[in-house]
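Subject: Model handover and findings

Hello,

Here is the model for your files. My notes follow it.

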Amino acid sequence: MRHLKTVLCLSFLVLSACASSPTTDIQSPPGDTNTNPSVPSVPQNTPVSQAPIPNPIFEPILPKIKQEIQIPILLPDYIFGSDGATQVYAKVETVTPSQYQIILGLTPDCNGGTACRVGTVSGEELSPSSADLEGKAVPLDEGITGYFVDAVCGANCSDSTMTWDQNGIRYQMGIKAGKPEDLVKMANSAIASGTY
């Protein structure tokens with residue numbers, strides 16, 4: 001009887017030790033999250049846009065655009081004239097599910113008037129009736145071809161523009177009387193920033 005009690009006690013101790021000892025999972029079932037803080041987890045839903053982020057002037061208006069738009073948004077990191085000495089503001093001119101147009105101005109309430117206007121940023125879903133791109137073909141990053149159209153100047157100057165088609169969307173960057181190299185830089189910074 002005493003021998004049986006000893007065996008039972010030892011069995012209980014062994015089972016208790018096994019229950020409290022750490023175990024190593026060979027493979028976690030799908031959907032499990034990593035709870036070990038020393039091993040970084042891989043994010044399941046990575047953001048569409050990667051670094052660099054677009055220029056901070058777009059931060060106040062981006063939520064409004066994303067609330068209504070159903071197409072990918074491209075915003076430039078480089079804004080001509082926004083060098084720290086001059087403040088440039090972004091204002092939504094138009095936003096629908098299939099298009100957006102943003103005015104870049106020297107005042108927060110600029111409505112595109114020639115005195116305050118710096119340029120524009122826009123995107124619109126392509127359709128079968130979309131016109132062919134016109135202007136001087138210019139190579140942009142990621143193998144994209146942009147089309148530069150120079151400004152027309154009289155009493156005032158219009159925007160020079162860089163326009164390109166990407167993944168079914170027509171994007172355009174405009175700078176009032178802008179130079180081709182500045183528009184290339186602006187377009188490439190938008191392409192590098194990725195869609196939102």
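First, a term: a residue is buried under 20% relative accessible area, exposed over 50% and partly exposed in between, with a 1.4 Å probe and protein chains only. By that rule Asn188 is buried, because its relative accessible area is 14%.

Ground rules. This is a predicted model, where local features need pLDDT of at least 70, side-chain atom pairs count only at pLDDT 80 or more, and totals for chains, interfaces and linings use all residues. Residues are numbered from 1 along each chain as its sequence is written, and side-chain values use heavy atoms, with hydrogens and water left out.

Confidence. pLDDT is the predictor's confidence in each residue, from 0 to 100. The protein chain averages 79, and 71% of the residues score at least 70. Residues 1–52 have a pLDDT below 50. Beyond near neighbours in sequence, that stretch has 13 contacts in the model; a contact means heavy atoms within 4.5 Å. Where pLDDT is low, the predicted coordinates should not be read in detail.

Overall layout. The protein chain has three helices and seven strands. These are DSSP runs numbered from the N terminus: helices are H or I with at least four residues, strands are E with at least two. The order along the sequence is α-α-β-β-β-β-β-β-β-α. Of the 196 residues, 33% count as buried. Among contacts with a separation of 6 or more, 52% join residues 24 or more positions apart.

The core. A nonpolar core is a set of buried Ala, Val, Leu, Ile, Met, Phe, Trp, Tyr and Cys residues joined through side-chain atoms within 4.5 Å. The largest one has 36 residues. Phe58, Tyr100, Ile102, Leu104 and Trp164 have the most contacts inside it. Helix α3 gives the most to this core, with six residues. Phe58 is in contact with Leu75, Pro76, Ile79, Ala90, Ile102, Leu104 and Val121, leaving aside neighbours within four places in sequence.

Trp164 also belongs to an aromatic pair. Rings of Phe, Tyr and Trp (its six-membered ring) pair if their centres lie within 6.5 Å; planes under 30 degrees apart are stacked, over 60 edge-to-face, and the rest tilted. The count comes to one pair. Trp164 and Tyr171 form it, tilted, at 6.0 Å centre to centre and 35° between the planes. Both residues are buried.

Strand β7. Ile169 is found in this strand. Ile169 is buried, because its relative accessible area is 4%. Its C-alpha atom is 9.1 Å from that of Ser98, 71 residues apart along the chain. Arg170 is also in β7. The Arg170 side chain reaches the backbone oxygen of Ala131 at 2.7 Å. That is a polar contact: N or O atoms within 3.5 Å; within protein, one must be able to donate a hydrogen and the other to accept it, and residues adjacent in sequence count only if both atoms are side-chain atoms.

Back to Asn188. Asn188 sits in helix α3, residues 180–193. A polar atom of its side chain lies 2.8 Å from the backbone nitrogen of Asp141. Leaving aside neighbours within four places in sequence, Asn188 is in contact with Leu140 and Asp141.

Best regards
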